Amino acid sequence: MDTKAIKRAAEILRDSRHVAVLTGSGISAESGIPTFRGKDGLWKQFRAEDLATPEAFARDPKLVWEWYDWRRGIIAKVEPNPGHRTLAKWEEFFHEFSVITQNIDGLHAKAGSKNILELHGNIWKVRCTKDKNVTENYTVPLTEIPPACPVCGAMLRPHVVWFGESLDTGILSRAFGLSSSCDVMLVIGTSAFVQPAASLPLRAAESGAKIIEINPDPTPLTSYAEISLPGKAGEILPAIDGLLQKE
Ligand SMILES: [Zn+2]
């Protein structure tokens, strides 16, 4: 680990009141969650791109739900890593601290974070296809596929954003608001390729925030970052935390 860069990151954070964090699949991968893309994501010869769409759900809701039930079974066994836990701890440490995540696995909440904006929804939430009510559902495996709304009996769908669907505009505008007003943005485990999430660090940088990037590999964002820390969030965040506690 680059101890000088970690020390500098701790200094920047110590001077910050308002911290925004953007996380992507990298932090979940450290806990052992597969990306469900490419070869990792194959299930009964289907690709994620063939199942995570409104068209697939309209055609065969049972098949799509069986896939989500399988994924939920995998995710249920996974624990947050020290990266998630450090972010949860920092909610108390800063005046304002929010996690904006592209992940749907719920690991930030499991680690104890409360201020979370889930850009792509949450695999532990279901939405009624009729009344649009969103509720939590942690049953693994599901007792009924496809599951039915306990209120009106209509079919439930996973409360996640599928290919071809728009992000929730309310959540997105809050995410841009946080990006505009933060002193520092931590960008963790995301390649910063996927729009509109990729625009958030750019908005933060334009608004004068310092960007600290934690990612094993360089990304398009690296050139905007004040500090770039190549490596695992589960090692780097606790190392920064160790310095923050030493005042
Ligand atoms: Zn309903």
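This is a predicted model: local features need pLDDT of at least 70, side-chain atom pairs count only at pLDDT 80 or more; totals for chains, interfaces and linings use all residues.
**Strand 1**

I looked up strand 1, residues 18-23, to see how far it is covered. My cut-off for buried was under 20% relative accessible area.

Next I checked which way the side chains point. H18, A20 and L22 go one way from strand 1, while V19, V21 and T23 go the other way. Both sets are buried. In a regular strand the side chains alternate between the two faces of the sheet.

**Partners of strand 1**

I then asked which strands pair with strand 1. Strand 2, residues 96-101, runs parallel to strand 1 and is joined to it by 6 bridges. In this pairing L22 is opposite I100. Strand 7, residues 184-188, also pairs with strand 1 in the parallel sense, over 5 bridges. Here V19 faces V184.

**Second largest pocket**

I moved on to the second largest pocket, which holds about 310 Å³ of space. I found 20 residues in its lining, and those nearest the centre are G106, A109, E118, N122 and Y138.

Where does the largest share of the lining come from? Strand 4 gives it, with 4 residues. I noted that helix 5 (61-76), helix 7 (107-111), strand 3 (116-118) and strand 4 (121-128) each supply at least two lining residues.

Last, I sorted the lining by residue type: 11 nonpolar, 4 polar and 5 charged.

Technical notes:
Residues are numbered from 1 along each chain as its sequence is written. Side-chain values use heavy atoms; hydrogens and water are left out. Buried means under 20% relative accessible area, exposed over 50%, partly exposed in between (1.4 Å probe, protein chains only). Two strands pair if DSSP finds at least two bridges between them. On a 1 Å grid over the protein atoms alone, a cavity is a set of points where a 1.4 Å probe fits but cannot get out, and a pocket is an open set with protein on both sides within 12 Å along at least five of seven lines; lining residues have an atom within 4 Å of a point. Grid points are joined across faces, edges and corners, and a volume is the space filled by probe spheres set on the points. Ala, Val, Leu, Ile, Met, Phe, Trp, Tyr, Cys and Pro count as nonpolar, Asp, Glu, Lys and Arg as charged, and the others, Gly among them, as polar.
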